[in-house]
Amino acid sequence: MLNQKNVQLGRVRSSIRELFEYGKKRKAEIGEENVYDFSLGNPSVPAPPEVAKALTELIAGDPVKLHGYTSAQGDYSVRATLAEYTNSRFGTSLTADNFYLTCGAAASLTITLNALLNAGDEVITIAPYFPEYKVFTENASSVLKAVKSREGDFGIDFESFKKALSPKTKAVIINSPNNPSGVVYKEGDITRLADILKEHSRLNAPVYLISDEPYRELVFDKIKVPYIMNYYQRSIVCYSYSKSLSLPGERIGYIAVDPQMSEAEEVYAAVCGAGRALGYVCAPALFQQLIKKVYNKTADINVYKANRDRLLNALTEFGFKVVKPEGAFYMFVKSPEEDAKAFAERAKKFELLIVAGDDFGCKGYVRISYCVSPEMIERSLPAFRSLAQSYNLV
Ligand code: PLP
């Protein structure tokens with residue numbers, strides 16, 4: 001018999017993918033310009049020009065060297081560059097030996113979870129959360145416990161969080177800026193979270209704080225995203241260039257293991273071991289070298305900010321309730337009816353493709369991915385108005 005858990009995982013598409021596929025069909029039926037597809041988190045702005053320039057330079061070099069295997073943890077000079085850059089930004093004391101290059105944040109997370117978890121361990125995250133956390137945690141024979149976020153701003157609800165802690169808690173995953181709420185956890189929340197975890201680790205076993213940060217560079221209005229190693233000394237950063245450089249299909253990111261914990265070397269060894277056991281071999285060699293050249297560049301996020309502002313203002317005017325997103329390219333809108341799936345279904349009648357929040361562990365909301373063209377946002381506004389009118393909101 002096959003592994004039925006995996007058969008099931010392979011068969012059942014996430015509701016996001018389901019909607020995306022529906023959108024493709026619908027566009028073929030009524031024309032691309034008549035469907036307003038807010039389903040996927042695929043960056044809509046091109047990679048910065050430095051990426052093409054650097055790739056051209058790299059391709060002109062020795063192809064055997066360029067395309068060969070690298071060390072499992074990634075090319076040393078790339079890791080050293082990342083350590084130096086991170087230290088200069090955040091005042092950390094990282095070295096090349098704290099960095100492990102990966103195929104994006106998804107790989108960073110699966111490797112980290114497999115490195116840390118023993119069967120039966122528990123991982124806590126804050127809802128709404130990226131649905132793959134559950135898949136990755138369960139694949140490491142462990143349990144994901146999602147705790148609700150704070151009413152009103154999607155910050156951390158510490159009372160719920162403390163209740164979820166147990167002697168089995170091995171790790172906590174936070175994601176800020178957040179997919180799907182767009183919210184950034186402020187310094188006060190991070191400090192309080194760190195204090196709770198320090199105390200819990202002192203009384204029980206060490207708890208690791210995993211910061212999933214593919215959206216770190218996508219923040220608006222100069223909002224600060226606290227660097228977790230400056231607050232909690234058992235931190236692991238899971239980073240990705242998928243969104244910051246608009247390179248999601250190229251699969252490149254990294255894990256950074258906090259050197260301040262006494263068992264840092266052991267954790268790093270476990271990361272290398274998990275990467276090996278999962279068969280990653282090494283991150284894409286060409287893109288490792290690319291990162292060495294463009295590590296401090298970011299795609300133009302002004303388009304995302306303009307989209308956020310336009311959509312936020314319009315939706316608020318139409319009577320929808322939205323917590324202002326501070327980063328990433330998502331907006332989490334309160335459903336005007338209790339059942340967000342029914343709301344998302346009704347939106348389809350107006351050719352609006354938006355995802356019910358249920359898959360993100362948060363009922364009663366829908367996610368709008370506004371990494372789309374500003375023109376599509378403009379065209380979609382009458383449809384949003386009609387949707388609001390159908391609920392007598394406007
Ligand atoms: N974590 C979050 C919160 C995401 O939204 C995504 C992708 O959308 C990932 C991880 C995976 O990113 P990557 O493409 O770098 O694997």
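A residue is classed as buried when its relative accessible area is under 20%, as exposed when over 50%, and as partly exposed in between, with a 1.4 Å probe and protein chains only. By this criterion S181 is buried, at 2% relative accessibility. The structure is a predicted model, in which local features need pLDDT of at least 70 and side-chain atom pairs count only at pLDDT 80 or more, whereas totals for chains, interfaces and linings use all residues. Residues are numbered from 1 along each chain as its sequence is written, and side-chain values use heavy atoms, with hydrogens and water left out.

The ligand is surrounded by 14 residues, a residue being near a molecule if one of its heavy atoms lies within 4 Å of it. The closest of these residues are A105, D212, Y215, S240 and R251. By class, the shell holds 6 nonpolar, 5 polar and 3 charged residues; Ala, Val, Leu, Ile, Met, Phe, Trp, Tyr, Cys and Pro count as nonpolar, Asp, Glu, Lys and Arg as charged, and the others, Gly among them, as polar. Helix α6 (residues 104-116) supplies the largest share of the shell, 3 residues. Helices (H or I, at least four residues) and strands (E, at least two) are DSSP runs, numbered from the N terminus.

Polar contacts are pairs of N or O atoms within 3.5 Å; within protein, one atom must be able to donate a hydrogen and the other to accept it, and residues adjacent in sequence count only if both atoms are side-chain atoms. An N or O atom in the side chain of Y215 lies 2.6 Å from an oxygen atom of the ligand. For S240, a polar side-chain atom is 2.6 Å from a ligand oxygen atom. The side chain of K243 places an N or O atom 2.9 Å from an oxygen atom of the ligand. Of the 400 Å² of accessible area that the ligand has on its own, the protein covers 91%, with areas taken from the Shrake-Rupley method and a 1.4 Å probe. The space taken by the ligand is the largest pocket. A pocket is an open set of points on a 1 Å grid over the protein atoms alone, with protein on both sides within 12 Å along at least five of seven lines; a molecule sits in a pocket if more than half of its atoms lie within 2 Å of its grid points.

Helix α6 also contains I111, which is buried at a relative accessible area of 1%. The C-alpha atoms of I111 and I255 are separated by 8.7 Å, although the two residues are 144 apart along the chain.

The loop between β5 (169-175) and α9 (187-203) includes S176. S176 is buried, with a relative accessible area of 6%, and its side chain reaches the backbone nitrogen of Y185 at 2.9 Å. S181 lies in the loop between β5 and α9, and a polar atom of its side chain is 3.2 Å from the backbone nitrogen of V183.

Most residues other than glycine have a negative phi, and most peptide bonds are trans. A cis peptide bond joins S176 and P177, with omega about -5°, and another joins N179 and P180, with omega about 20°. V281, which is not a glycine, has a positive phi of about 65° and lies in the loop between α10 (264-277) and α11 (285-294). N392 has a positive phi near 55°; this residue belongs to the segment after α14 (374-390) and is exposed, with a relative accessible area of 69%.

How values were computed: On a 1 Å grid over the protein atoms alone, a cavity is a set of points where a 1.4 Å probe fits but cannot get out, and a pocket is an open set with protein on both sides within 12 Å along at least five of seven lines; lining residues have an atom within 4 Å of a point.
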